[in-house]
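Subject: Structure handover

Hello,

Here is the structure you will be taking over. My notes follow below it.

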Amino acid sequence: MIQLFDQTTVIDGAQVLAADEARARGVDPDAARAQTLTRRILAAHNAAPAEDAGLRLRFDALASHDITYVGIIQTARASGLTEFPVPYALTNCHNSLCAVGGTINEDDHLFGLSAAQKYGGIFVPPHLAVIHQYVREMMTKCGGMILGSDSHTRYGALGVMGVGEGGPELVKQLLGKTYDVPAPKVVAVWLEGTPAPGVGPQDVALAIIGAVFRNGFVKNKVMEFMGPGIDGLSVEYRCGIDVMTTETTCLSSIWRTDDKVRQYLALHKREQDFAPLELQGPACYDGLIRVDLGRIEPMIALPFHPSNVWPVAEVVRRADELLAAVDEEAVKQFGEAGKGLNLRGKIRESGVWVDQGIIAGCAGGSFENISLAAAILDDKSTGNQAFSLSVYPASEPQALALVRNGSTTKLMAAGAVLKNAFCGPCFGAGDTPANGALSIRHSTRNFPNREGSKPSGGQLSAVALMDARSIAATAANGGRLTPATDLDWKDPGLNVDLSYHFEPVIYQRRVYNGFGAPKPETPLVFGPNIADWPEMNPLPRHLILQVASVITDPVTTTDELIPSGETSSLRSNPLKLAEYTLSRKDPGYVARAKAFLALEKARLKNPADPALLARVREICTPCGVGEFVDELTSLANIGLGSTIFAVKPGDGSAREQAASCQKVLGGWANLAVEYATKRYRSNLINWGMLPFVVDADLAKDLRVGDYLVVPHIREAVEKAHPNILACLVHESEADGEHRIWAEQIALTLKELTDDERQIILDGCLINFYNSKRPL
């Protein structure tokens, strides 16, 4: 089904060759590296000098949604923004249905509209389109690059390299600066064969994710899709695979383009944006993923990660074993609350029964997916028991097309509920299941609690990812888990009209497009919840950090670092949002971080405070760093803050709040064995936090409440020292005896550019730009 080749590979026309085979045919693999689509597009967008090995990229367009754009514009505004230099779409598909906080969601939308008017942007009103569908329909241009403040910024199937990053990286683009990254490796994804009837794009995507996530095969690399299998796939099918590449932890993706892509752009009145992207000779890749589409079955990603992938039929066959493993993981992660999940209780004599189905968002809510789901459910019933089905078309133009081809009628008659374009089911702000329920979703993620449950309140539900076709098949059986291939796909009921008609007037009448025509006199509209960033100090000479959380899970998602769902409404207020940091993973973190932040505020107010000075000397003396301890007659050069340890943090969302909330609470660093994604590490740096890498064995000795003493850290960053010696200080009270002792540990700072070092030294990206330092 899927084969991985971790070796240099050359594609020459229809042939896939190992490096030695290519050389035997007269092909120089090193010279052929420049011929990939990826290298050609990156070269066209690279502003770095020729002698620079890294890339400094300028993007053609930007996109954000209403969880992120307020913070981005506030940051850019504080850093000197006067006009959006490229098309920048502000969509409103996340905070449009969150029923918390009174007026704050719509307040953010009015802020976004006023910003689009003032700076010359594009404003897409609530319920009109989810972010990535709008970009697909209106902004993609073959050979281009788009940067989005959402991790699923992927438009490779339309010939565009999309990159999802934290908001500060968009701020840099708004200020005319660059996205700096080492030249990424490129992995070819060779598609061959034809998917069986009933196998959809989510099935292909999940199969690939299952093969490459855990081994990091494409981490921070670009996936380049080639091969004859592409020809038989519709553009929407390709987009459905492509958007899920984010879950592999790759940096970006790109596909060769063909006449189907030209027709798609022409349908959206943008044929001029088409360009044929194809190899112009032998091209060399750093690895190969070979996918036989014809051997892929309907797949399911069981809780609690998109990589927990199994064939649907195998889950039905081995239900007791596989669902028991999920139940065990729930207890491991959530203790008593985890016992309430009991997925084994979903097993009955006739099969496995689920409680809810959702087809939604940038992955599932396409015209083609929903049309086929409607055909499967035509003249059938979802039943009147616990199972429910909700369907969210990804845009209003697609919703109108579904009305016209009869799909809406079929779905409603079957018992499905049709809803507006909204990303809520993907991040926990819509259709939260009941406690103990299992939801099957054609959406992007199934991380713990991303569906909206709250273990701290004794609630726990779970999500499994599936394709819309199999969700519809399950719905047709009243909630009994059913792969779509179990249906007779020759049934005349599946003769559905898949000809899509795009109606541009929907956008023409409602979308504000002010690119190139800013109105600087327009006042920004501030709701009462919109707050500026608090002042952030430069990196001090020395740091003393209290370990405020220790997370030993193999991977920690951004949803665990800062929860999604209803907290999204607070994302325009840094101080209020910070109160939710790690609230689902480590509810005591905020109080611990704030306690040490209070000491830092006391230090700033009086660096000669004798009690505080005595406490700092007590912490540092066991370290044995003579000149540093001798310097402790004042705290003027010492910063007090907090840090967290996680084995592999940052999988998932691009939201920069996973880092900024820690910084608002006094965080100065993360300790990690590795970082799950580049984007999370970049977020740390842009908020002035040190992305330390430590030895895996450190977790054995690390405890909440320990202190990390890092002398001369400012000098180490200034001089680009990759290896830094620090002290880990332990403290205990036992049998009335107070003990304090220290051990020396090694910290590593990897791959910091000159600008990144200066951002950390200045304390954050805002300070970096306000320093007016020429770049």
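First, the ground rules. This is a predicted model, in which local features need pLDDT of at least 70 and side-chain atom pairs count only at pLDDT 80 or more, while totals for chains, interfaces and linings use all residues. Residues are numbered from 1 along each chain as its sequence is written, and side-chain values use heavy atoms, with hydrogens and water left out.

Salt bridges

The structure holds 38 salt bridges. In one of them, Lys-219 pairs with Glu-674, with the closest N and O atoms 2.7 Å apart. Lys-219 lies in the loop between helix 8 and strand 12 (222-226), and Glu-674 in the loop between strand 30 (667-672) and helix 26 (678-686), so the pair ties together parts 455 residues apart in sequence. Helices (H or I, at least four residues) and strands (E, at least two) are DSSP runs, numbered from the N terminus. Glu-674 is partly exposed, at 35% relative accessibility. The classes are buried (under 20% relative accessible area), exposed (over 50%) and partly exposed (in between), with a 1.4 Å probe and protein chains only.

Asp-320 bridges to Arg-344 at 2.9 Å between the closest N and O atoms. Asp-320 is in helix 12 (residues 319-334) and Arg-344 in the loop between helix 12 and strand 18 (347-348), so the pair joins parts 24 residues apart in sequence. Asp-320 is partly exposed at 43%, and Arg-344 is partly exposed at 41%.

Arg-23 and Asp-20 also form a salt bridge, at 3.2 Å. Both sit in helix 1 (residues 19-24), 3 residues apart, or about one helical turn. Asp-20 is exposed at 61%; Arg-23 is partly exposed at 47%.

Aromatic pairs

There are 14 aromatic pairs. Rings of Phe, Tyr and Trp (its six-membered ring) pair if their centres lie within 6.5 Å; planes under 30 degrees apart are stacked, over 60 edge-to-face, and the rest tilted. Phe-84 and Tyr-88 have ring centres 5.0 Å apart and planes at 70 degrees, so this pair is edge-to-face. Phe-84 and Tyr-119 are tilted, at 5.5 Å and 40 degrees. Phe-84, Tyr-88 and Tyr-119 form one aromatic cluster. Phe-84 is buried at 1%, and Tyr-88 at 0%.

Cores and helix 18

A nonpolar core is a set of buried Ala, Val, Leu, Ile, Met, Phe, Trp, Tyr and Cys residues joined through side-chain atoms within 4.5 Å. The largest has 81 residues; Leu-481 and Tyr-507 are among those touching the most other members. Helix 14 gives the most to this core, with 8 residues. Apart from it lies another core, of 52 residues, including Phe-84 and Met-161.

Helix 18 (residues 468-476) is mostly covered, with 9 of its 9 residues buried. They pack against elements including helix 8 (201-212), helix 14 (367-377) and strand 23 (438-442). Gly-478 follows helix 18, and its phi is positive, near 70 degrees.

Asn-446

Asn-446 lies in the loop between strand 23 and strand 24 (462-465). Asn-446 is buried at 1%. A polar atom of its side chain lies 3.1 Å from the backbone oxygen of Ala-301. The side chain of Asn-446 also reaches the backbone nitrogen of His-305, at 3.4 Å.

Best wishes

Conventions
Contact = heavy atoms within 4.5 Å. Polar contact = N/O pair within 3.5 Å; in protein donor to acceptor, adjacent residues only side chain to side chain. Salt bridge = Lys/Arg side-chain N within 4 Å of Asp/Glu carboxyl O.
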